[in-house]
Amino acid sequence: MQIPSKYDASQVEGKWYDYWMKHNYFHSEPDEREPYTIVIPPPNVTGVLHMGHMLNNTIQDVLIRRARLQGKNACWVPGTDHASIATEAKVVAKLKEQGIDKNDLSRDEFLKHAWDWTHEYGGVILEQLKKLGCSCDWDRTKFTMDDDMSEAVIKVFVDLYEKGQIYRGYRMVNWDPEAKTTLSDEEVEYVEKQGKLYYVKYKVEGSNEALTIATTRPETILGDTAICINPNDERHQNLKGKKAIVPICNRVVPIIEDDYVDVEFGTGCLKVTPAHDENDKALGDKHNLEVVDIFNEDATLNSFGMHYEGKDRFVVRKEIVKELEEKGHILKIEDYNNRVGISERTKAIIEPRLSDQWFLKMEDLAKPAIKAVLDKDADIKLFPKKFENTYRHWMENIRDWNISRQLLWGQQIPAYYYGEGKEDFVVAESIDEALQKAKVKTNNQQLTINDLRQETDALDTWFSSWLWPISVFDGIRNPENKDIKYYYPTNDLVTGPDILFFWVARMIVACYEYKNEKPFENVYLTGLVRDKQRRKMSKSLGNSPDALQLIETYGADGVRVGLLLSSAAGNDLMFDEALCNQGKGFANKIWNAFRLINGWEVAEIEQPKSSKIAIEWFEAKFQKALIEIEDHFSKYRLSDALMSMYKLIYDDFCGWFLEMIKPAYQQPIDQKTYDAAISILENNLKILHPFMPFLTEEIWQHITTRSSEEALIVSKYPEAKPVNEDIISEFDFAAEVISGIRTIRKQKNIAFKDAIGFSVINNENATKTFDALIAKLGNLEAVNYVNEAVEGALTFRVKSNEYFVPMAGTIDVEAEVKKLTEELNYTEGFLKSVQKKLSNERFVAGAPEQVVASEKKKEADALAKIETLKASLASLK
């Protein structure tokens with residue numbers, strides 16, 4: 001094959017990905033080998049590739065490709081999540097563009113549109129992952145709304161309900177008015193918002209008295225059903241037992257007493273709105289207060305909002321403040337920083353709302369999951385370990401999980417109502433089974449399917465994905481099937497710390513409940529991808545590069561290397577595009593190294609001693625690097641593992657080894673050295689393949705003609721062997737000697753083609769192992785061992801060894817003496833001026849300490865330089 005002069009990723013990547021797919025290297029079936037399994041954190045079906053996905057999936061691909069090379073049966077299960085809120089929002093928006101209102105559609109009609117959307121746009125991200133080189137078992141691709149996956153979810157819901165773990169309750173929940181659904185506590189983010197604190201006067205019934213409350217939400221006044229004071233507050237003893245009149249709606253409400261009220265905050269009088277605040281609801285329950293809900297599901301006001309009915313809550317806030325001011329109810333308004341809950345998905349401000357919802361009791365279910373991670377001999381390890389504290393905090397303070405969503409897209413809750421009462425329902429896996437249960441429960445054999453109506457709520461998306469490590473192998477429906485028995489538990493999970501509770505913890509909970517075993521051994525939590533200013537990358541900030549454009553510019557291998565070079569284990573990644581360029585440069589360096597070797601003419605000649613020792617040295621360096629790399633992998637320090645390889649290949653292989661064995665200009669290389677160089681290159685490609693799969697496979701296939709069984713992707717990872725530490729330390733010493741020779745050549749303009757004499761006083765008793773290499777790399781006539789200094793030679797030291805390069809015939813001595821004399825005269829003049837300054841007592845006493853210290857350093861440097869220059873002159877005379 002003709003080898004191109006430059007590595008062109010765009011010509012290579014598609015070719016090798018197609019080749020890998022054609023030969024089915026990514027596919028796994030149970031066999032006698034040790035399994036190595038990863039399940040992908042399923043990206044949203046609505047998603048497109050962004051920097052977080054790039055990092056996360058690069059890490060997974062590195063782990064899976066390495067396991068494959070190690071002879072394990074590597075299985076990486078890909079898939080997508082139906083992402084109920086996000087997907088439904090996209091479908092609703094698309095319908096809106098077509099002039100269709102979601103509310104005008106039946107459930108089945110809407111779901112048809114949702115499936116059409118999913119088939120058209122869903123899975124885009126999986127295709128994009130292929131561009132990155134991800135070696136997933138695409139035959140196993142799963143979607144959380146696949147029939148078998150949905151069946152597993154419904155089965156688990158019914159089982160947990162029958163165990164008494166799932167219940168229906170009327171609770172205060174987090175309501176997203178944009179998505180028009182409830183959210184779990186974990187789906188609410190809290191942000192600081194600059195707002196106002198309004199001081200509002202309420203009249204006291206039957207008197208001229210008034211009381212003042214402070215509120216950040218004046219629009220909820222219309223839902224007030226009490227005023228509360230602290231019974232111990234001296235300021236408000238006059239209000240006990242009285243009633244207040246709510247402004248605008250003129251509702252007469254009791255003034256109640258409770259020590260819940262903080263006497264330090266605001267005015268000490270608290271408006272109580274049980275329908276719109278969790279703490280107010282608790283007070284309302286305690287004091288049997290009326291509940292007045294003033295909001296519709298989209299956070300516009302309902303009929304209790306009076307003349308504001310149909311208007312948005314934030315519009316009403318402005319208008320009601322104006323009305324209160326006009327009626328003399330506003331005492332003052334202050335700026336106020338408020339912590340506000342927003343929807344993680346839609347970013348809408350959350351409304352606390354009372355509604356009937358389905359809940360899963362979590363306290364008992366969580367216990368095995370707490371032990372699994374936090375026990376001394378824990379089954380599951382988190383990397384980095386620091387996240388154990390976060391996990392502990394969440395799991396030990398766990399609340400019941402609100403698992404119902406007021407959405408159409410998702411698994412419909414399998415509860416079937418047979419009457420009008422809240423408790424008139426049965427839970428079953430199918431409507432036929434529900435009918436039988438309903439007949440038993442009602443003792444009415446005349447019931448028909450037409451008498452049943454299914455719960456309209458869908459399940460929270462996470463209630464589907466918490467089964468992922470089991471359900472992708474069909475372990476809920478068929479718990480004894482060969483796949484689940486072979487691949488479960490999986491090995492590594494790679495994900496972001498932002499879903500440690502949402503997904504990771506819940507998977508651990510579900511898997512101990514349904515498999516009584518851990519779902520995975522290790523959880524590697526990547527950092528977030530940030531820009532150079534440490535800002536989180538996001539579309540809104542416009543600081544996130546186009547992932548596919550990066551691949552086009554730098555090649556997938558370049559981007560993979562760039563991402564991992566900037567990603568220290570578990571810490572946030574400061575992404576810099578320059579690192580992708582460095583990755584691209586690294587690919588070119590390796591390509592050029594291969595072309596150099598490939599271009600050598602091979603002959604049946606004797607192997608030089610310098611090449612023999614070079615091979616021994618590099619093999620020792622390789623083995624040492626292999627041990628380092630293994631250690632880094634065991635701690636999930638993939639950046640450090642890559643950096644070890646980078647230094648080995650860039651510095652040791654390209655920088656030293658190839659130069660050590662390179663034949664003289666237009667001369668052939670011996671067969672033995674050439675074969676060793678190819679073998680070493682192949683080992684380098686094997687360890688680098690998980691990080692740079694395309695480049696390495698391209699070079700591997702160029703080296704020689706290979707069958708499909710001999711492709712790099714399924715080759716054998718190098719085995720660790722004992723490390724010859726002596727040869728490594730001996731070379732480190734030799735490298736300093738070579739550096740000293742090169743410095744003299746450079747300083748004295750001695751052309752490398754000119755061989756020079758070289759002598760050494762071996763005070764260190766250094767070995768002569770590398771003498772042949774020193775002679776080759778320094779272009780020395782020979783390495784002579786002497787007992788006395790060589791006259792008329794330039795000298796340098798390595799530790800206590802003295803090295804001499806004779807000047808006769810190599811430089812113009814007269815010109816060199818003149819140059820050194822001029823430099824000596826200048827330095828002596830400079831020294832005098834510094835010493836004059838330092839002998840001035842006024843200067844020393846008056847100048848800042850660092851200025852005096854700087855002058856003293858100049859004096860010391862000048863003295864050292866003068867000594868060196870005088871020694872060099874003496875050796876030339």
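A residue counts as exposed when its relative accessible area is over 50%, and as buried when that area is under 20%. In this predicted model, Lys 22 has a relative accessibility of 68%, so Lys 22 counts as exposed. The residue belongs to helix 1, which covers residues 9-22. Glu 187 is 165 residues away from Lys 22 along the chain, and their C-alpha atoms are separated by 42 Å.

Other residues fall on the buried side. Thr 58 has a relative accessibility of 1%, so Thr 58 is buried. Its place is in helix 2, residues 51-69. Beyond its neighbours up to four places away in sequence, Thr 58 touches His 53, Leu 132, Arg 560, Leu 563 and Leu 564. Lys 281 lies in helix 7, residues 278-286. With residues up to four places away set aside, its contacts are Met 172, Pro 274 and Leu 354.

Ser 184 is found in a loop, between strand 6 (181-183) and strand 7 (188-204). Outside the four places on either side in sequence, Ser 184 is in contact with Asn 174, Trp 401, Asn 402, Arg 405 and Arg 506. Val 124 is 60 residues from Ser 184 in sequence, and 28 Å separate the two C-alpha atoms.

Attention now turns to the nonpolar interior. In soluble globular proteins, nonpolar side chains tend to be buried together. Here the largest nonpolar core has 199 residues, and Phe 463 and Phe 657 have the most contacts inside it. Helix 19 (residues 638-661) gives the largest share of this core, 14 residues. A second core of 28 residues is separate; among its members are Tyr 198, Leu 239, Ala 244 and Ile 248. Apart from neighbours within four places in sequence, Phe 657 is in contact with Ala 614, Ile 615, Trp 617, Phe 618, Asp 652, Ala 677 and Ile 680.

The structure holds 41 aromatic pairs. One of them joins Phe 157 and Phe 463: the ring centres are 6.3 Å apart and the planes meet at 70°, so the pair is edge-to-face. Phe 157 is in helix 6 (residues 147-162) and Phe 463 is in helix 12 (residues 461-465), so this pair ties together parts that are 306 residues apart in sequence. Both phenylalanines are buried. Trp 462 and Phe 502 make a stacked pair, with 5.1 Å from centre to centre and 10° between the planes. Helix 12 holds Trp 462 and helix 15 (residues 500-514) holds Phe 502, so the pair ties together parts that are 40 residues apart in sequence. Trp 462 and Phe 502 are both buried. Ring pairs also link Phe 157, Tyr 161, Trp 358, Trp 401, Tyr 417, Phe 425, Phe 463 and Trp 466 into a cluster.

The charged end of Arg 65 sits over the ring of Trp 20, at 4.4 Å from the ring centre. Arg 706 lies over the face of Trp 700, and here the distance to the ring centre is 3.8 Å.

Empty space was examined next. Rolling a probe the size of a water molecule over the atoms shows where empty space is left. Over the whole structure, the search finds two cavities of 30 Å³ or more. The largest cavity has a volume of about 40 Å³. Its lining consists of Trp 175, His 276, Asp 293, Phe 295, Asn 296, Ala 299, Glu 351, Pro 352 and Arg 353. Strand 14 (residues 351-360) provides the largest share of that lining, three residues.

Most residues other than glycine have a negative phi, and most peptide bonds are trans. Phe 383 and Pro 384 are joined by a cis peptide bond, with omega about -5°. Pro 384 lies in the loop between strand 15 (381-383) and helix 10 (387-396). The bond from Tyr 488 to Pro 489 is also cis, and its omega is near 0°. Asn 443 is not a glycine, yet its phi is positive, about 60°. This asparagine lies in the loop between helix 11 (431-442) and strand 20 (453-454). Asn 443 is exposed because its relative accessible area is 69%. Asn 779 has a positive phi near 50°, and its loop runs between helix 23 (771-778) and strand 29 (784-785).

Note on methods
Residues are numbered from 1 along each chain as its sequence is written. This is a predicted model: local features need pLDDT of at least 70, side-chain atom pairs count only at pLDDT 80 or more; totals for chains, interfaces and linings use all residues. Side-chain values use heavy atoms; hydrogens and water are left out. A nonpolar core is a set of buried Ala, Val, Leu, Ile, Met, Phe, Trp, Tyr and Cys residues joined through side-chain atoms within 4.5 Å. Buried means under 20% relative accessible area, exposed over 50%, partly exposed in between (1.4 Å probe, protein chains only). Helices (H or I, at least four residues) and strands (E, at least two) are DSSP runs, numbered from the N terminus. Contact means heavy atoms within 4.5 Å. Rings of Phe, Tyr and Trp (its six-membered ring) pair if their centres lie within 6.5 Å; planes under 30 degrees apart count as stacked, over 60 as edge-to-face and the rest as tilted. A charge sits over a ring if NZ of Lys or CZ of Arg is within 6 Å of the ring centre and within 35 degrees of the ring normal. On a 1 Å grid over the protein atoms alone, a cavity is a set of points where a 1.4 Å probe fits but cannot get out, and a pocket is an open set with protein on both sides within 12 Å along at least five of seven lines; lining residues have an atom within 4 Å of a point. Grid points are joined across faces, edges and corners, and a volume is the space filled by probe spheres set on the points.
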